[in-house]
Amino acid sequence: MEDVIAWLKENGNLKIINEPLDVELEIPHVAYVEVKKEDSRPLLFTKPVNKAKGIEYDMPVLMNIFANKEITQKIFGKHPDEVAEGIDELLKLKPPKAFIDKLKMIPKLFKLKNVFPKRLDFKGECQEVIIPKKEVDLDKLPILKTWEEDGGPFITMGQVYTQSLDGSMQNLGMYRLQQYDKNRLGMHWQIHKDASHFFDQYQRAGRKMPVTVAIGGDPLYIWCGQAPMPHGMFEMLLYGFVRGKNAQLVKSITNDIYIPRDVDIVIEGFVDPEKMEIEGPFGDHTGYYTLKEPFPVMEVETVTMKKEPVFAATVVGKPPLEDKYMGWATERVFLPMLKPMAPDLIDYYMPENGVFHNLILAKMKTLYPGHAQQFMHAFWGVGQMSFVKHAIFVGEDAPDLEDHEDFSKHVLNRLDKEKILITQGIVDHLDHSSSRQFVGGKLGIDVTADEVEEGVGELLSDEALLKKVQKIDDRVVALKQYMTHTKNPVCVIAVKKEESQKKLMKKLRSLSAHLKVAIIVDHHNNDLEDPYMLVWRVVNNIDAQRDVKLKEIITVDATNKGELDGFVREWPGDTFCTQEILDKLQKRGLIDIDDAFIKRFGLLPFN
């Protein structure tokens with residue numbers, strides 16, 4: 001993949017857009033629409049401009065690199081399950097007992113020599129052009145502004161290379177990097193990440209922290225940047241394992257951090273631990289804005305690049321996004337790493353509309369009572385799995401985890417209030433629903449047993465049930481029942497919220513003859529006919545300790561929270577496209593969408 005553009009033309013059905021398009025909103029909107037299509041393609045924007053600053057950039061913008069499963073597999077050079085098999089085999093290696101066993105081990109050990117990154121003692125292609133500090137101008141890079149309410153432009157696919165204070169550990173992460181001005185970037189490394197832990201070391205020592213940001217190069221670098229490697233393990237080891245060859249690294253010009261020789265653009269600098277600046281707000285992959293918060297600032301020392309660089313970027317917002325396919329690869333590759341702490345785990349799946357950390361579905365071999373609960377605690381106690389808010393465990397007889405219809409039926413026929421665990425633990429930095437930041441409710445559902453005996457006493461039509469619900473609360477606007485052929489149908493109720501929903505949740509118990517599971521959502525911006533986006537909304541919006549009640553029936557308050565609920569944190573808004581931009585792009589023939597598409601994916605407000 002020495003020439004990523006040529007490779008994508010040949011292998012990825014690359015779509016080239018030669019019309020001038022603005023890095024502010026226009027390019028991101030085109031990419032956002034494209035990634036939601038069934039036949040999504042990589043995009044190359046050859047003429048990016050910034051109308052507000054009067055800039056015509058001399059480098060193209062490459063987006064939607066991981067456009068689908070097929071191209072993701074091609075980027076890996078093999079199916080991610082094959083990578084997982086190799087990791088599983090490595091984890092199970094045992095010392096050879098006999099001479100013949102030693103001979104058999106030689107090929108395996110020989111392969112491992114390719115895992116470790118190789119440090120070169122000469123400059124790389126990424127350093128063909130070196131811009132000194134006095135000439136650094138980040139405005140020369142086509143940095144995107146994705147959403148209208150964003151605090152500014154930010155680098156979306158920056159590979160952030162950092163190292164510990166003593167230099168013994170190096171880390172590759174992918175964090176949001178806000179451009180403040182011509183030579184400063186905000187470092188949105190979240191509190192639980194390795195880079196943040198390194199920062200703490202420099203802060204305690206009173207020393208500036210070196211940081212190098214790389215953009216472009218082999219797309220596998222990007223995937224490695226978001227891979228949930230164990231603490232202290234350099235993500236480029238994973239690159240070597242997948243590629244079967246050493247990552248070739250070169251030293252940064254102004255610090256001691258090593259980065260891949262073939263990336264397109266390199267931004268080097270230092271973070272002063274004494275200086276913090278407000279970062280955000282920014283629309284994020286949760287589909288919501290993350291709020292303003294102080295983060296460290298990187299002062300750029302130099303920028304280096306290839307002679308003809310390509311600026312790689314992505315879009316964040318409501319699913320589905322490019323991270324759907326990156327996440328799929330991550331799931332497959334990291335399955336063997338979960339099994340040592342959950343040896344009877346068969347498979348797991350983190351659907352993209354669950355925003356990955358908000359929902360996990362897992363299949364396991366159940367050996368004794370409470371086994372599933374043991375797995376819940378194991379998941380919630382290890383690495384990035386500890387951020388998972390909602391976990392559903394099924395037995396080995398369950399359908400394929402990605403067979404949404406049959407899987408849902410299987411779960412709802414086994415759902416038992418007595419086997420639902422609600423507890424507390426850490427939540428992701430970006431989670432907005434918990435009453436206090438970083439700590440919130442966890443929901444674990446054990447449906448590994450046989451079908452429950454009791455179903456709905458008297459199943460009513462949606463129309464008849466709506467009349468009964470409106471009698472107890474006239475602010476209910478609509479409802480829809482899902483999976484009515486199961487023992488536990490799900491009734492989604494839309495309300496015009498004027499008070500806390502605790503009263504309605506209590507009143508719904510009087511309808512227990514007709515209801516088993518009731519989920520309350522805001523009428524505004526929720527389509528009861530769209531289960532995909534309803535799942536997205538519900539798992540984003542609930543804190544299980546506060547919003548799930550298990551008395552008589554299961555009730556869930558998935559409405560937006562605020563003063564009416566005694567919620568004191570600021571509740572963020574949805575990421576919405578700009579109507580004017582969509583209209584312009586549609587008129588120019590750069591996108592082709594209808595009202596149904598816009599509503600289906602929540603591109604604009606409705607109701």
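Predicted model: local features only at pLDDT ≥ 70, side-chain atom pairs only at ≥ 80, totals over all residues.
**Entry 1: the second largest pocket**

I then noted the volume of the second largest pocket, which is about 1100 Å³. Of its 33 lining residues, I recorded Ile392, Ser408, Val490, Ile519 and Val535 as the closest to the centre. I also looked up the composition of this lining, which divides into 28 nonpolar, 4 polar and 1 charged residues.

**Entry 2: the sheet of 5 strands**

I next examined an open sheet of 5 strands, and I wrote down its order as E27-E28-E29-E31-E30, with mixed pairing. Strand E27 (476–482) and strand E30 (548–549) stand at the edges with a single partner strand each, so one side of each has no neighbour in the sheet. E27 and E28 run antiparallel and are joined by 6 bridges. Among the pairs, I noted Leu479, whose bridge partner in E28 is Ile493. Helix H12 (residues 462–472) packs on this sheet and touches E27 and E28. I recorded an angle of about 140° between the direction of H12 and that of E27.

**Entry 3: the sheet of 3 strands**

Finally, I turned to an open sheet of 3 strands in the order E2-E4-E5, where the pairing is mixed. Strand E2 (21–22) and strand E5 (55–56) are at the edges; each has a single partner strand, so one side of each is left without a neighbour in the sheet. I found that E2 pairs with strand E4 (residues 48–50) in the parallel sense over 2 bridges. Here Asp22 has Val49 of E4 as its bridge partner.

Methods. Residues numbered from 1 in each chain as written. Heavy atoms only, no water. 1 Å grid on protein atoms, 1.4 Å probe; cavity = no way out; pocket = protein on both sides within 12 Å on 5 of 7 lines; lining within 4 Å. Points joined across faces, edges and corners; volume = space filled by probe spheres on them. Nonpolar A, V, L, I, M, F, W, Y, C, P; charged D, E, K, R; others polar. Pairing = 2+ DSSP bridges. Helix = DSSP H or I, 4+ residues; strand = E, 2+ residues; numbered from the N terminus. Contact = heavy atoms within 4.5 Å. Axes fitted to C-alpha atoms, helices over the stretch in contact; angles between N-to-C directions.
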